[in-house]
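Thanks for making time. I have one structure to walk through today, and I will keep to what can be read from it.

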Amino acid sequence: MSNSSAERNLYMFVASDFGLYVFKRDDNGWTQVRGGLENEHVTSVTARFGAILAGTRAGVQRSVDLGQSWWPLMSGLNEPYVRWVTYHPDGSGRAFAGTEPAAIFVLRQDEETWRECAEVARLRDANEWSLPYSPQAGCVRGFAFHGSRGYAAVEQGGLLVSDDRGASWQLAGGSEGKPQEPQQETQIHPDVHAVGVHPSSPNTVVAPTGGGLYVSSDGGDHWQRRHDCYCRAVWVDPLRADHMILGSAESVDRDGRIEETIDGGQTWQLRMAGLPAVWPEHMVERFHQAGDELLAVLSNGELIAAPLDTLAWHTVVPGVQEVNAVMTLEA
């Protein structure tokens, strides 16, 4: 499958409360080809070539055969509750794990031991990061990278930035690092749920938070709120930064909806074709683009999808419940 001249298949890896499922795209849609990590609470999944990392509440599992077999990758991972795991997009094989309580661990290619970025724990303790639903001190629940620049989303802590490919981290200039509301309009809300960086520039950053959707054009030093809502997930068009799709809500899991802007957030339109007008008790948790389709993980564990040109939504793999994350890979 690594031969570029051979026919390549699109795989989808679905992380759930009950394990990890592997699907393959065919003429009839997504067909399950295997399952794994049975009875593991899988929180996140990332894929690079044939290598898969799955974050769980008990650490990280690795597969190099598209999920046919797994083994633990735990050495150095001092905080086992992994909230998000990802590979750096530069192809180096460097991987990152964000945990609860909030910490960041880095794994370099061909290494078997995670290295903790100790400065994150120091920031966590000094600023008293917190979570409203857990006794733990905050969590790292998202990463974004553009060359040497990296960003990390901290729930009830703010936004972290790195300029050495994730080897070390500090608070972004427009993030106080305190769990309280921001003191200035140009600062980001501290309840950061995800982060994205646009392909056009390492300084163009977008972050959905508990206090709205925030956008920065100077690498996180100054922020503008582009939507006054509660939100956890945003998709940004890789060709047009002003085109975004947002999973918004009135508050935590209340009156969730999907909205679209084509003017950088000046105006928003509902995009709920095929769905109820709103979801009374859930919302979008994560977005993931798969070719010309957008996948959305909902906070009630459902997985839905829509073509990007129509945004007409439909259910994906209805037999899989309690979905937490999804990743696709061509192999």
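Predicted model: local features only at pLDDT ≥ 70, side-chain atom pairs only at ≥ 80, totals over all residues.

Let me start with β10, residues 103–107. Is this strand buried or exposed along its length? 5 of the 5 residues of β10 are buried, so the strand is largely enclosed by the rest of the structure. Ala103, Phe105 and Leu107 point one way from β10, while Ile104 and Val106 point the other way, and both sets are buried.

Now the partners of β10. On one side of the sequence comes β9, residues 95–99, which runs antiparallel to β10 and is joined to it by 5 bridges. The two strands make a hairpin with 3 residues between them. Within that pairing, Ala97 is opposite Phe105. β10 also pairs with β11, again antiparallel, through 2 bridges. There, Val106 has Arg115 as its bridge partner.

Next is helix α1, which covers residues 118–127. Its buried residues are Glu119, Val120, Ala121, Arg124 and Asn127. What covers them? The cover includes β10, β11, β14 and β15. So that you can find the end of the helix on the screen, look for Glu128, which follows α1 and has a positive phi, near 55°.

Two of those covering strands, β14 and β15, belong to an open sheet of 4 strands. The order is β12-β13-β14-β15, and the pairing is antiparallel. β12 and β15 are the edge strands, each pairing on one side only. Between β14 and β15 there are 2 bridges, and Val161 is the bridge partner of Gln170 in β15.

There is another open sheet of 4 strands, also with antiparallel pairing, in the order β16-β17-β18-β19. Which strands stand at its edges? They are β16, residues 196–197, and β19, residues 224–227; each has a single partner strand, so one side of each is left without a neighbour in the sheet. β18, residues 212–216, pairs with β19 over 3 bridges in the antiparallel sense. In that pair, Leu213 stands opposite His227.

On to the cores. In soluble globular proteins, nonpolar side chains tend to be buried together. Here the largest nonpolar core has 32 residues. Those with the most contacts inside this core are Phe13, Leu20, Ile104, Phe143, Leu160 and Trp169. The elements giving two or more residues to the core are β1, β2, β4, β5, β10, β12, β13 and β28.

Take Leu160 as an example. Leaving aside neighbours within four places in sequence, Leu160 is in contact with residues including Ile104, Val120, Leu123, Trp129, Tyr151 and Trp169. Of these, Ile104 sits in β10 and Val120 in α1. A second, separate core has 15 residues, among them Ala233, Trp235, Val284 and Leu294.

Of its 29 lining residues, Arg83, Tyr133, Arg141, Arg232 and Glu285 are the closest to the centre. By class, this lining has 9 nonpolar, 8 polar and 12 charged residues. β8, β20, β24, β25 and β28 each supply at least two residues of it. Of those strands, β8, β20, β24 and β28 also give two or more residues to the lining of the largest pocket.

Last, the loop residue. Gly274 is in the loop between β23 and β24. Why does Gly274 count as exposed? Because its relative accessibility is 73%, and the cut-off for exposed is over 50%. Gly274 and Leu311 are 37 residues apart along the chain, and their C-alpha atoms are separated by 8.9 Å.

That is what I have, and I am happy to go back to any part on the screen.

Note on methods. Residues numbered from 1 in each chain as written. Heavy atoms only, no water. Buried < 20%, exposed > 50% of the residue type's maximum accessible area, 1.4 Å probe, protein only. Pairing = 2+ DSSP bridges. 1 Å grid on protein atoms, 1.4 Å probe; cavity = no way out; pocket = protein on both sides within 12 Å on 5 of 7 lines; lining within 4 Å. Nonpolar A, V, L, I, M, F, W, Y, C, P; charged D, E, K, R; others polar. Contact = heavy atoms within 4.5 Å. Core = buried A, V, L, I, M, F, W, Y, C linked by side-chain atoms within 4.5 Å.
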